[in-house]
Amino acid sequence: KKLRNPCSQSCNGGTRRISYTCFVPAYNLRVGSKFCIDYRSKKPPLKSEFVTCNDDVPCSDDIYKPTYVWTPLPWRPCSTTCGIGTQRRNVRCRRLGEEG
C-alpha cells in the first residue's frame, strides 16, 4: 500500500515522500515488510522514497509578473487656443527597474 505525503512546494518543484506498507487486502491487515516481496523485483519493498513533484507547475507570481509597464509622458499643447482642438501625449513602454 502506498501513502503519498503532500508535496513540499505547491509550484516550481518540490519533493514528496512516498511511504510503503505491506497490506493484505483479504484480511484488511498491515504486516511487516519482512513478510512482503515485490512481485516484480523479488526483493523486499522500499519502506519509503522521495520523488519530485509540482516541477511542471509554475508559481502564479512568475506567470503574471509584468516585465514592462506603460509610462505616459506630458501632454503636448492643444492644437487650438479657442474652440475644439486636439491634445496629444506619447506613452512609452519601459522595462521594470529602468529609470525614466
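1. A disulfide joins Cys7 to Cys53, with an S to S distance of 2.0 Å. The term covers a pair of cysteine sulfur atoms within 2.5 Å. By this rule the chain has one disulfide. The link of Cys7 and Cys53 is right-handed, with 90° about the S-S bond. Cys7 sits in the loop between β1 (2-4) and β2 (14-20), and Cys53 sits in strand β5 (residues 48-53), so the bond ties together parts that are 46 residues apart in sequence.

2. A word on the source. This is a predicted model, in which local features need pLDDT of at least 70 and side-chain atom pairs count only at pLDDT 80 or more, while totals for chains, interfaces and linings use all residues. Residues are numbered from 1 along each chain as its sequence is written, and side-chain values use heavy atoms, with hydrogens and water left out.

3. Now the cysteines and their cover. Buried means under 20% relative accessible area, exposed means over 50%, and partly exposed lies in between (1.4 Å probe, protein chains only). Cys7 has 17% relative accessibility, so Cys7 counts as buried. Cys53 has 5%, so Cys53 is buried too. What of Cys78: buried or partly exposed? At 39% relative accessibility, Cys78 counts as partly exposed. Cys93 is at 43% and also counts as partly exposed.

4. Next, the fold. Helices (H or I, at least four residues) and strands (E, at least two) are DSSP runs, numbered from the N terminus. Read from the N terminus on, the order is β-β-β-β-β-α-β-β. Trace this order on the structure above.

5. Look at Lys47. Where does Lys47 lie? Lys47 is in the loop between β4 (29-31) and β5. With 62% relative accessibility, Lys47 counts as exposed. Lys47 and Thr21 are 26 residues apart along the chain, and their C-alpha atoms are separated by 6.9 Å.

6. Then the whole chain. How many of its contacts link residues 24 or more positions apart? Among contacts with a separation of 6 or more, the share is 42%. Contact here means heavy atoms within 4.5 Å.

7. Last, burial and surface. The chain has 100 residues, and 9% of them count as buried. Cys7 and Cys53 are among the buried residues. The accessible surface of the chain is about 8,800 Å². Carbon and sulfur atoms hold 54% of this surface. The areas come from the Shrake-Rupley method with a 1.4 Å probe; for residues, only the protein chains shown count as cover.
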